[in-house]
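Subject: Structure for your review

Dear colleague,

Please find below the structure that I am handing over to you.

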Amino acid sequence: MTGDSNIQLAATAVVLRDTGGGLEVLLLRRHEQMRLGAGHWVFPGGSVDPEDFRDADGNRMRAFQLAAIRESQEEAALRLAEEGLQLMAYWTTPAHMRRRYATAFFLCDGAGQSVCVDGEEMDAHQWGSPADFICAHRAGELALMPPTLVTLSELAHCSTVGQAQQFYADRDVPDIHPRLTEHHGAVCMLYTGDAGYDQENPAAAGARNRCYLEEGVWRYEFLAP
């Protein structure tokens, strides 16, 4: 994970629950007045504050966890526990962006949680299946950022919270530093493991791990080596 002092640390909670209809995930909508990501549907989360480090006695991972818990409570009245947070991934904002964040993503079971958005940062929420959220995004009905889309695409292969927990336990935690390119006239965001990542060459043959921006919506493409 980056140690660049110009990059703000942040944390996100990917809250799941089992239902009779299958696995559901919680998304919140960022208020239209927000400077970053206005109107986008996101997982609960936000910046790691100095008090998070103080309360964590300087322990970096615990500070990430405390930030995820605090932000989830402030934004959606969720009550999460440290022991219930499972590290999934790190995402760092691409270098071309003016405001950059290094964000730790945590998985947690939200069974029995009641949600009440704060009305300031977040103005709506919804539970839904990962696949349905992806379809709504592709139809232009739900604004998503690439890290949210990629995470939903991974979760779409899981039927239960337990399966999701096992999926992330079985793989190494990725530290993702997207590289912005262009391919066939479209914005293309390359991720580690893509055949074109090292040379920033989206035309390279081989594995795929990338997002395309097409007519205002993102499309995730993954093909294992």
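Predicted model: local features only at pLDDT ≥ 70, side-chain atom pairs only at ≥ 80, totals over all residues.

Residues are numbered from 1 along each chain as its sequence is written, and side-chain values use heavy atoms, with hydrogens and water left out.

Salt bridges

A salt bridge here is a side-chain nitrogen of Lys or Arg within 4 Å of a carboxyl oxygen of Asp or Glu. The count by this rule is 14 salt bridges. Helices (H or I, at least four residues) and strands (E, at least two) are DSSP runs, numbered from the N terminus. For accessibility, buried means under 20% relative accessible area, exposed means over 50%, and partly exposed lies in between (1.4 Å probe, protein chains only).

One of the salt bridges joins the side chains of Arg29 and Asp123, with 2.8 Å from N to O. This pair links distant parts of the chain, since Arg29 is in strand E2 (residues 22-30) and Asp123 is in strand E7 (residues 122-128), 94 residues apart. Arg29 is partly exposed at 30% relative accessibility, and Asp123 is partly exposed at 28%.

Glu82 and Arg62 also meet through their side chains in a salt bridge, again given as N to O, at 2.8 Å. Glu82 lies in the loop between helix H2 (60-76) and strand E5 (86-92), and Arg62 lies in helix H2, so the pair ties together parts that are 20 residues apart in sequence. Glu82 has a relative accessibility of 25% and counts as partly exposed; Arg62, at 29%, is partly exposed.

In a further salt bridge, the closest N and O atoms of Arg208 and Glu221 are 3.6 Å apart. Arg208 belongs to strand E11 (residues 208-214) and Glu221 to strand E12 (residues 217-223), and the two are 13 residues apart. Arg208 is buried at 14% relative accessibility, whereas Glu221 is partly exposed at 22%.

There is also a network of salt bridges that links Asp49, Asp52, Arg70, Glu71 and Glu74.

Glu75 lies in helix H2. Leaving aside neighbours within four places in sequence, Glu75 is in contact (heavy atoms within 4.5 Å) with residues including Leu28, Pro44, Cys116 and Met122.

Two loops and a strand residue

His184 is a residue other than glycine with a positive phi, near 50 degrees. His184 sits in the loop between strand E9 (179-183) and strand E10 (186-190) and is exposed, with a relative accessible area of 75%. Glu215 is not a glycine either, and its phi is positive at about 50 degrees. Glu215 is placed in the loop between E11 and E12 and is exposed, at 86%.

Val217 is found in strand E12 and is buried, with a relative accessible area of 12%. Val217 and Leu142 are 75 residues apart in sequence, and their C-alpha atoms are 9.0 Å apart in space.

Spaces in the protein

On a 1 Å grid over the protein atoms alone, a cavity is a set of points where a 1.4 Å probe fits but cannot get out; a pocket is an open set with protein on both sides within 12 Å along at least five of seven lines, and lining residues have an atom within 4 Å of a point. Grid points are joined across faces, edges and corners, and a volume is the space filled by probe spheres set on the points.

The second largest pocket has a volume of about 510 Å³. It is lined by 24 residues, and those closest to its centre are Val150, Glu154, Asn209, Tyr220 and Phe222.

How many cavities of 30 Å³ or more does a search of the whole structure find? The search finds one. The largest cavity holds about 50 Å³ of space, and its lining includes Met88, Trp91, Val150 and Glu154. Strand E5 and helix H4 (146-155) are the elements that give two or more residues to this lining.

Yours sincerely
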